[in-house]
Structure formats: C-alpha cells, structure tokens
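Hi,

Here is the structure for you to look over. My notes are below it.

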Amino acid sequence: MSVKISTTNSKLGLIPSVNLTPIVTCRKNCPCAKDCYARKGNFRFQNVKDSLAHNLQEYVENPTQYFADIKHAINNGMVSYSYFRWHAAGDFVDEAYFAGVVKVALDLPNTSFLAFTKKFELVNEYLQNGGVIPKNLHIVFSAWGDEFHIENPYNFPVAYVRFHDSENKSIPETAVECSGDCTNCLQCWNIRNGESVVFNKH
Ligand code: SF4
Ligand code: SF4
C-alpha cells in the first residue's frame, strides 16, 4: 500500500499534506504532548490514527518508496501541486528522514514545501554538517510557551502559540497572526528568517 496523502485538512484547504503519528515522531519530552492538537478533532478518529501509523510504517519499512510515493502524489503528470505541507501531525522522524525531505524539494523545484518542527537540533546539525536547505523548502521552528528553549543559531522563522490562560512574553509584537486558512494565506510558505507567526491555541 502506498503512503496516504491528506487533502481533507480544514485549515490547509486545498493544500495536500503527509502526516505521521504524533508523540512517537516528535522530540522527546515534547512540551506540547499533553495538549497535542494532532490528538484532537478529526485526529481522534481511528481511521485517521491508522493512516498516520500506516505512513510511519511505510517510512520505516521502505524509506525510498515512502518518498517516491510522496513525490508521485505531488507531481505525477496528471496533477501538480504548487504547495505541500509536511506533517500537520508528527515531525521529522530522524536525520535520514530530513535528508529525504530535502531531496524531495530538490526533485520538485516547482513545489513549495512547508514544515514546522520542534526537532531543532536535527535541522541545526544538518546545516552544521554542510547541508543546504533548498529555497523551496520552508522550515519554521515551533515554540511552546515562555519556558521552552528554541535552539535557533540560524535564525529560522518561528511559530508561536498564544495561550489563553498564561502569559505570552516571548511572542514578538511583529509576529503575524494566523488566519486559519492556508490556501488563501500562504504566509508560512513565504515567511523569512527572523520573522514569526502566531497561532491561537486550540
Ligand atoms: S510537536 Fe506537534 S504533533 Fe508533536 S506533540 Fe507537539 S503538537 Fe503534537
Ligand atoms: S499563518 Fe497562514 S499559512 Fe501559516 S498556518 Fe496560518 S493560515 Fe496557514
């Protein structure tokens, strides 16, 4: 069976995404695990959970085929998507996975890719080791509250979450507000180093 691509995420609208099981693919001791949005709403349905687990299994069993399936879904001669989102649920699994994400962007230069991540070290180490992130792959580091430290020596753009029951001192005044409608917004696909976006916590 091939990788399951989601085209039904209400926030993403027409933009397809690939999703993985949260928590197990996320950083250890993720500060957001207890409140993970990828375990709420539609993500609670068993068929959705099964599809995320299926994708993770596809990657673990055959990473080459996993990325080939994703490339085929994005551009196959019949359809060609201009935008793609990695992981509305889950995160980069490991270093090899991140290298695969980079390769997909290089192979599909007419598609603009977006990934939020809390696996900062994985991305930082890739750059420290001489890796180059293609211009059509947009990485945004994800914040979580004032206490969670973001290791960001390369000045990646940052996504903040506004809590309603505590202070949000770390959110810059210049952070752009999320409209909740990616298809008609695309801010995060165009965000630059040093810039930031803020989401209201679900
Ligand atoms: S990083 Fe995202 S998917 Fe992972 S636990 Fe946190 S909110 Fe959930
Ligand atoms: S700021 Fe715009 S592009 Fe970014 S997540 Fe929100 S709606 Fe989507």
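Predicted model: local features only at pLDDT ≥ 70, side-chain atom pairs only at ≥ 80, totals over all residues.

Residues are numbered from 1 along each chain as its sequence is written, chains are lettered from A and ligands numbered from 1 in the order written, and side-chain values use heavy atoms, with hydrogens and water left out.

Ligand 1 first. Around it are Pro22, Ile23, Cys26, Cys30, Cys32, Cys36, Tyr37, Gly90 and Lys118 (each with a heavy atom within 4 Å). Seven of these shell residues are nonpolar, one is polar and one is charged (Cys, Pro, Ile and Tyr count as nonpolar, Lys as charged, Gly as polar).

Next, Thr111. Thr111 is buried, at 3% relative accessible area (buried is under 20%, 1.4 Å probe, protein chains only). Beyond four places in sequence, Thr111 contacts Ile74, Tyr81, Ser82, Tyr83, Phe84 and Asn136 (heavy atoms within 4.5 Å).

Last, the cores. The largest nonpolar core has 43 residues (buried Ala, Val, Leu, Ile, Met, Phe, Trp, Tyr and Cys, joined through side-chain atoms within 4.5 Å). Among the members touching the most others are Trp86, Phe113 and Ile139. H3 gives the most to this core, six residues. Another core, of 19 residues, lies apart and includes Cys36 and Trp189.

Best wishes

Notes:
Buried < 20%, exposed > 50% of the residue type's maximum accessible area, 1.4 Å probe, protein only. Helix = DSSP H or I, 4+ residues; strand = E, 2+ residues; numbered from the N terminus.
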